Amino acid sequence: MTGVRSAKDFFRPLAVGAPEPLREIPARPSRAIHFFDPSNAKMAAKVPTMVGTVDVLLGNLEDAVRADHKEAARHGLVEIARSTDFGSTQLWTRVNSLDSPWVLDDLTTLVTEIGDQLDVIMVPKVQGAEDIAYVDRLLAQLEARAGLTKPLLVHAILETARGVANVEEICGASPRMQGLSLGPADLAADRRMKTTRVGGGHPGYLVRQDPPRTADGADVDADRTTYQQDLWHYTIARMVDACAAHGIYPYYGPFGDIADTVACEDQFRNAYLLGCVGAWSLHPRQIEIANRVFSPSVEDIAHARRVVAALHANGNDGSGAVMLDGKMEDDASLKQCLVLVELAEQLAERDPDLRALYDGIGVDA
Ligand code: GLV
Ligand code: MG
């Protein structure tokens, strides 16, 4: 493919002294990516108390941080990273966009000052592989300067029409690519969609039941049921396919209506069912929603374990087919069940409450 290094060179460091790129992106739990503004003293003070309650804490430097607070946010993040023990909670950042006056200093300061504590750098408004190539080389140079031994990973926000058109090449542009998030607000603006909401559905985007038939045609004025549709279905599905094809992770982004915890849960669950591993949290109450929604349920795990056991019963090797509760289960449905069982195992390694929950499930449940 044009612009992409030969397979032989793909995993070579891009600067002398930079760490070796990873060959596989670790599947670390990241159900909720909780955003905080490091220039906001109240929010910053809460960060240490949130360690252990959320999979990812993200110091946001981009949108939602005022232009005259950009430097305070950058330095605030350096201070927080230096004074906090994050334990197994990951520390991510979202830097300013590549065309902004702040991003060069964001990357230079953060990588050289706290690069050993950062796990993932989220890059907004990514348009194509060329944006990732720029960040990739710059990070390698800065990693070498800082003497880092672990490569920084990159997460792109899918929030421009061109970015969506180039989603596959973005995912494959660098071994640093960790994942993608849907950015519904910027994407709506860039595509000239007519919703002004930050994520979530829209009551105008619907389908309507057919009109009842009458002797002379149809009664179009009769009461008819309408069904609201998901504005984001197409983009999330494209994002999930591109990420799965490249061994990286897809995320739903922000849900701006903080008070509507019910619709937030619905939107997160749609993303989970389609293949996403997590979502952003803009308020502590969204952390609980994401942690619950992006962890397999007891019912799912009980069922998955039953299928695994049934296909391995009587010395069977998991191949072939069996009937369970009147339903056919075979090699393919075994793989579906293993997705849930493996995810539960990864999450339980980090979360003792989930460990207890999943360990308490019998195969016969
Ligand atoms: C997130 O950054 C968005 O634009 O929705
Ligand atoms: Mg955005």
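**Exercise 1.** Which side chain has an N or O atom 3.0 Å from an oxygen atom of ligand 1?

*Solution.* Start with the ground rules: this is a predicted model, where local features need pLDDT of at least 70, side-chain atom pairs count only at pLDDT 80 or more, and totals for chains, interfaces and linings use all residues. Residues are numbered from 1 along each chain as its sequence is written, chains are lettered from A and ligands numbered from 1 in the order in which they are written, and side-chain values use heavy atoms, with hydrogens and water left out.

Now look at the ligand's oxygen atoms: the side chain you want belongs to Glu159. The protein covers 93% of the 190 Å² of accessible area (Shrake-Rupley method, 1.4 Å probe) that ligand 1 has on its own.

**Exercise 2.** Sort the shell around ligand 1 by residue class.

*Solution.* List the residues around the ligand (a heavy atom within 4 Å): Arg94, Glu159, Gly183, Pro184, Ala185, Asp186, Pro254 and Trp280. They split into four nonpolar, one polar and three charged. Finally, see which element gives the most: helix 7 (residues 184–191; helices are DSSP runs of H or I, at least four residues), with three residues.

Key: A polar contact is a pair of N or O atoms within 3.5 Å; within protein, one must be able to donate a hydrogen and the other to accept it, and residues adjacent in sequence count only if both atoms are side-chain atoms. Helices (H or I, at least four residues) and strands (E, at least two) are DSSP runs, numbered from the N terminus. Ala, Val, Leu, Ile, Met, Phe, Trp, Tyr, Cys and Pro count as nonpolar, Asp, Glu, Lys and Arg as charged, and the others, Gly among them, as polar.
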